[in-house]
Structure formats: C-alpha cells, structure tokens
Amino acid sequence: MGDLKQHSLIKAQERLRDQVGHALRAALIAGELRPGSVYSAPGLAAELGVSATPVREAMLDLAREGLVEPVRNKGFRITEVSERDLDQYTELRTMIEVPTIGRITKIATAEQLEELRPIAEEIVTSAREHNLIGYLEADRRFHLTLLGLAGNDRLVETVGDLRKRSRLYGLTGLDEAGKLVSSAEEHIELLDLMISGNAEAAEECMARHLGHVRSLWAQGRDEPVGRTPGRLGSGI
C-alpha cells in the first residue's frame with residue numbers, strides 16, 4: 001500500500017506542475033509576465049498560492065520550450081523576441097509551410113482534411129469566447145497535424161519549434177478588440193480550399209494567414225493589456 005500512496009503523491013505533484021505551467025503560459029500570453037524581466041520561483045509561487053517546487057519544475061518546462069531562460073541564483077528571465085526575430089521566423093515558416101500546404105492539397109484525401117474541421121472550428125470558438133489558451137492550443141494542433149499529412153516528422157518538429165519561439169504576447173487587448181476572430185476564421189477558409197483541391201489558392205491563403213499572424217503579433221506587443229503586469233491571477 002505504501003508504494004501505491006507514493007504513486008498517488010507523484011501523480012498529484014505532476015498534475016500541480018501542469019496546472020502551474022498552464023497558469024504561467026496564460027500569464028505570458030496576457031502580458032502579465034514581461035519579456036526581459038526576471039521572476040523568482042518563490043515570488044511566483046506566492047502569487048499563485050502554491051509551493052516553490054512545482055513552479056520551479058514548470059519554469060524548467062517553459063525553459064525547454066524557449067519561453068524562459070534560467071538566471072543563476074535569481075530565477076527565470078522571460079525571453080525577448082525582437083522584430084527582426086519575428087520577421088525571420090515568419091520568413092522561415094513561409095518558406096516551409098506555404099509550399100507544403102500546396103503539396104498536401106494534392107496528396108491528402110478529403111477525409112483526412114475533413115478530420116481537421118473540428119479543430120478549425122474550435123479555434124474560431126475559442127477566439128469568440130475569449131479563450132486565449134484554448135485558441136493557441138487549438139491553433140497549434142491544427143497546423144502541426146495538417147503539416148503532418150506531408151509525412152515529414154522533422155518538418156513538423158521544425159515548425160513546432162519556430163512556433164514556440166515566435167509565441168504571442170499581449171493578446172488580451174487584441175482579443176477585447178475582436179481582432180482574433182478574423183485570423184481564426186482563416187483556418188476554415190484554408191481547409192475548404194484544400195478540400196476543393198485548389199492548391200494555388202490554398203498556398204495564397206496560407207501565406208496571407210502567416211502575414212496576418214505576424215501583424216497580430218506586432219500589434220499585441222504594442223497594445224496595453226487589461227491586467228496589471230506582474231500580478232498573476234491564481235489560475236490553479
């Protein structure tokens with residue numbers, strides 16, 4: 001029985017680590033954790049109402065994703081992304097994803113593409129319901145699953161890494177202005193074009209979508225967010 005209790009304790013700790021990670025990602029997206037700033041695990045733990053251990057573990061997970069970087073004896077710095085970085089990430093994604101979408105349009109079956117429709121609709125629903133975490137998670141699943149139809153695992157990993165490095169900050173203001181919905185609806189447009197077999201139009205849609213995302217990113221950096229930076233909601 002002792003082993004079972006230990007197993008249950010480990011599972012509970014893992015769940016808390018995941019919940020803390022979810023809350024920290026939400027704070028990053030909302031702009032409550034600011035790029036370039038250093039945050040200590042004990043300080044964040046106090047705001048979240050948990051012990052420092054799951055916060056430290058969650059921050060290490062974020063570090064592996066490139067969202068933060070450890071600072072010796074201080075905590076974790078939120079990594080900064082410059083306009084030049086964003087332009088380069090967008091250029092790389094365009095070079096990879098646009099022609100890949102055209103190729104997938106030619107080789108994927110309508111049934112395979114149609115299976116992605118619930119995720120595309122989830123993106124739109126999340127945007128309309130102001131669920132930013134849900135929006136970004138569904139967006140990630142849609143794009144990476146779609147690219148997976150090309151059969152190149154390394155390509156999917158590369159795009160996944162680029163997405164992590166060019167993640168969105170300060171989306172709260174954009175969400176409140178209703179500017180995310182139009183971007184969300186482009187996923188359904190893209191899917192319809194691909195199902196119709198129009199590879200050229202699908203490539204054009206994908207290129208436009210990436211440009212739109214880049215524009216939203218830049219606006220999100222400039223617009224104020226609804227909550228005070230540095231003060232996290234509990235989220236746990």
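Helices in these legends are DSSP runs of H or I with at least four residues, numbered from the N terminus. All views show a predicted model.

View 1. Salt bridges with shared partners connect Glu122, Glu137, Arg140 and Arg141 in one network.

**View 2. A salt bridge joins glutamate 122 to arginine 141.** The N to O distance between the two side chains is 2.8 Å. This pair links distant parts of the chain, with glutamate 122 in helix H6 and arginine 141 in helix H7, 19 residues apart. Glutamate 122 is partly exposed at 31% relative accessibility, and arginine 141 is partly exposed at 26%.

**View 3. Arginine 17 and aspartate 61 form a salt bridge.** Their closest N and O atoms are 2.7 Å apart. The pair connects distant parts of the chain: arginine 17 belongs to helix H1 (residues 2-30) and aspartate 61 to helix H3 (residues 52-64), 44 residues apart. In the whole structure, a search finds 15 salt bridges.

**View 4. The largest nonpolar core contains 36 residues.** Ile101, Phe142, Leu146, Leu190 and Met194 have the most contacts inside this core. At least two core residues come from each of helices H4 (83-107), H6 (117-128), H7 (132-148), H8 (153-165), H10 (180-195) and H11 (199-222). Helix H7 gives the most, with eight residues. Beyond its neighbours within four places in sequence, leucine 146 is in contact with Ile101, Ile104, Leu113, Leu116, Leu190 and Met194. Another core, of 20 residues, lies apart from the largest one and includes Leu33, Tyr39, Ala41 and Leu62.

**View 5. Strands S2 and S3 form an antiparallel hairpin.** Strand S2 (residues 68-71) is joined to strand S3 (residues 75-78) by four bridges. Proline 70 has phenylalanine 76, in S3, as its bridge partner. Three residues stand between the strands of the hairpin, in which asparagine 73 adopts a positive phi near 65 degrees.

Definitions and conventions: Residues are numbered from 1 along each chain as its sequence is written. This is a predicted model: local features need pLDDT of at least 70, side-chain atom pairs count only at pLDDT 80 or more; totals for chains, interfaces and linings use all residues. Side-chain values use heavy atoms; hydrogens and water are left out. Two strands pair if DSSP finds at least two bridges between them. A nonpolar core is a set of buried Ala, Val, Leu, Ile, Met, Phe, Trp, Tyr and Cys residues joined through side-chain atoms within 4.5 Å. Buried means under 20% relative accessible area, exposed over 50%, partly exposed in between (1.4 Å probe, protein chains only). Contact means heavy atoms within 4.5 Å. A salt bridge is a side-chain nitrogen of Lys or Arg within 4 Å of a carboxyl oxygen of Asp or Glu.
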